[in-house]
Amino acid sequence: MGSHSHEVTDAILETLKRASSGLKEADVRFALAGGCAAYARGAAPSLHDVDFVLPVEDVPLALEALGKLGFETVKPPEDWLVKAFDEGRLVDLIFSICDHPITPELLKRAEPMKTSAVILPVLEATDLVISWLLPFSEHTCDYGSLLPQVRALREQVDWNRVAAVVQDSPYASTFLTLLGRLDVIPGSLDASGDRAWP
């Protein structure tokens, strides 16, 4: 990783620290998701922005908390997230993933982990992988960038639960087949388990 990549990573982690501290102080219910969550769980840094998941009811409180810290907050046309910018660095506040609203149950499964010198709730590894696979579609189907992150987390994930939740998505199911062929995960999965998510 070049020095520029280090600078980008350091800047994103600083934004992560500021944002998460502000959300915690405001009693927002949230968990870290995306590349930063993978990094917290041991994957190599691939950090372009900060992703938090939170219930939709907590969005106004979260925007207010980040606004007080000097973040520029934006409500984009998409109906599943809002955005905040810290000197150009993006923080996504995600309240729904593929029509699955973020629930208190999902947040209860999150695990407190140390990330960038702060302890904050990080999405449970199985939920994290599901959150990456469910949005796969004809237009967003980048298996290559996800492979290293999934490989790093494979021991932490309940792959049968992933298979059960994503089995209706041909794009996600194909990715699981690919992982099996590459010996990243067991070749045969039982997708008959708990399909409820989140």
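How close do the axes of helix α5 and helix α6 come, and at roughly what angle do they cross? This tour of a predicted model begins with that pair.

**First stop: two helices.** Select residues 125-133, which form helix α5, and residues 143-153, which form helix α6. Two packed helices are described by the angle between their axes and the distance between the axes. Here the axes come within 11 Å and cross at roughly 160°. Because angles over 145 degrees count as roughly antiparallel, α5 is roughly antiparallel to α6. The crossing of α5 past α6 is left-handed.

**Second stop: the contact between them.** Display the side chains of L128, W132 and L133 in α5, together with L146, Q149, V150 and L153 in α6; these residues meet. Six residues of this contact are nonpolar, one is polar and none is charged.

Now centre the view on W132, which lies in helix α5. Is this residue buried or exposed? W132 has 13% relative accessibility and therefore counts as buried, since the cut-off for buried is under 20%. Beyond its neighbours within four places in sequence, W132 is in contact with G34, A38, L146, Q149, V150 and L153. Select G34 as well: it stands 98 residues from W132 along the chain, yet their C-alpha atoms are separated by 7.7 Å.

Move to strand β4, residues 81-86, where D86 is found. With 3% relative accessibility, D86 also counts as buried. Which side chain does a polar contact join to that of D86? The partner is R18, at 2.5 Å. Neighbours within four places in sequence aside, D86 is in contact with T15, R18 and F71.

Key: Residues are numbered from 1 along each chain as its sequence is written. This is a predicted model: local features need pLDDT of at least 70, side-chain atom pairs count only at pLDDT 80 or more; totals for chains, interfaces and linings use all residues. Side-chain values use heavy atoms; hydrogens and water are left out. Axes are lines fitted to C-alpha atoms, for helices over the stretch in contact, and angles run from 0 to 180 degrees between N-to-C directions. Helices (H or I, at least four residues) and strands (E, at least two) are DSSP runs, numbered from the N terminus. Angles under 35 degrees count as roughly parallel, over 145 as roughly antiparallel, 65 to 115 as roughly perpendicular and the rest as oblique. A crossing is left-handed if the near helix is turned anticlockwise from the far one by less than a right angle, and right-handed if clockwise. Contact means heavy atoms within 4.5 Å. Ala, Val, Leu, Ile, Met, Phe, Trp, Tyr, Cys and Pro count as nonpolar, Asp, Glu, Lys and Arg as charged, and the others, Gly among them, as polar. Buried means under 20% relative accessible area, exposed over 50%, partly exposed in between (1.4 Å probe, protein chains only). A polar contact is a pair of N or O atoms within 3.5 Å; within protein, one must be able to donate a hydrogen and the other to accept it, and residues adjacent in sequence count only if both atoms are side-chain atoms.
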